[in-house]
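Open the model in your viewer and keep the sequence panel beside it. The stops below say what to select and what is found there.

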Amino acid sequence: MSQYLEKIVELQDAVNRLRATEHRLHGVPDWMRELHEEHSTTKAEIAEIQKAVDEAAHDRRTAEAAAADAQEKLKKYQQQINRVSNQREYGALLQEIDTVKTLITTSEETAISSLERHEKAEGELGARKEAFKDLNKRYSAELARWEGEKPEVAKQAEELKTRIAALRGALSRQMLSQFDRILDRYPAGAIAPIRLIERPGGKGQKEWSCTACNYRIRPQSVVEVRNGTPLVQCDSCKRILYLEADPA
């Protein structure tokens, strides 16, 4: 394998390790993932209960305000009874009074129902918050531990960035352009090892294959890779081919 191809393989490895390191740095480590999910789920549940408490309180205030407003209208209508001049006006006023009384009854029932919902939700909220204290304490301790480890992970990321810059500096602009173009197409990796596999129905006969797409590799391409011809690509997926080790 040529020195250029070796640099490409090293570059891909460094890129992969940097991605994994940055994902770890900005994500949640495996050892606290289960606790993190439990903590996040419980917080979301508490937030939903809090939302129910707030909605019940809002509904109660709205219903009480509507009842109070209707009470004022009722007083106003009742004061107008003695001033009506005919039966038609009297009937219309009575209808308004009945409508307002119905509104008062409905609003008061809604206020009582909202109060019951509010008290029930508040009781559940208090119980969930109390139970959450121990979980939150354990989570805070693990989070502090992770924050303590982050500087070392960040240092590893910076070292990998430096290594990547050095490897890119050792390659020509054409090679880098080719590598970057393929990497854009295949974020998981721009390179692929080739291996000998048994030919289907070949009775023990073997052929070279691209491990990324399983496409058959021409013997001439294998010779070119082995002899150091720079950046031989798979005829199918176009990834850069390399040999992990000489076959036995």
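How are H2 and H3 oriented to each other, roughly parallel or roughly antiparallel? The model is a predicted one. Select helix H2, residues 33–80, and then helix H3, residues 87–169. Their axes come within 6 Å and cross at roughly 160°. Angles over 145 degrees count as roughly antiparallel, and H2 and H3 are therefore roughly antiparallel to each other. The crossing of these two helices is left-handed. Colour the contact of H2 with H3 by residue class: 25 of its residues are nonpolar, twelve are polar and 18 are charged.

Stay on H3 and select Glu142, which lies in this helix. Glu142 is partly exposed, its relative accessible area being 24%. Leaving aside residues up to four places away in sequence, Glu142 touches Trp31, Met32 and Leu35.

Next, go to helix H5, residues 219–227. Show the side chains of Ser221, Val222 and Val225, the buried residues of H5. Look down the axis of H5: these buried residues fall within an arc of 100°, so they line one face of the helix. To see what they pack against, select helix H1 (3–26) together with strands E1 (191–198), E2 (206–210) and E3 (240–242).

End just after H5, at Gly228, where phi is positive, at about 95°.

How values were computed. Residues numbered from 1 in each chain as written. Predicted model: local features only at pLDDT ≥ 70, side-chain atom pairs only at ≥ 80, totals over all residues. Heavy atoms only, no water. Buried < 20%, exposed > 50% of the residue type's maximum accessible area, 1.4 Å probe, protein only. Helix = DSSP H or I, 4+ residues; strand = E, 2+ residues; numbered from the N terminus. Arc of directions from axis to C-beta. Contact = heavy atoms within 4.5 Å. Axes fitted to C-alpha atoms, helices over the stretch in contact; angles between N-to-C directions. Parallel < 35°, antiparallel > 145°, perpendicular 65-115°, else oblique. Left-handed = near helix turned anticlockwise from the far one by under 90°. Nonpolar A, V, L, I, M, F, W, Y, C, P; charged D, E, K, R; others polar.
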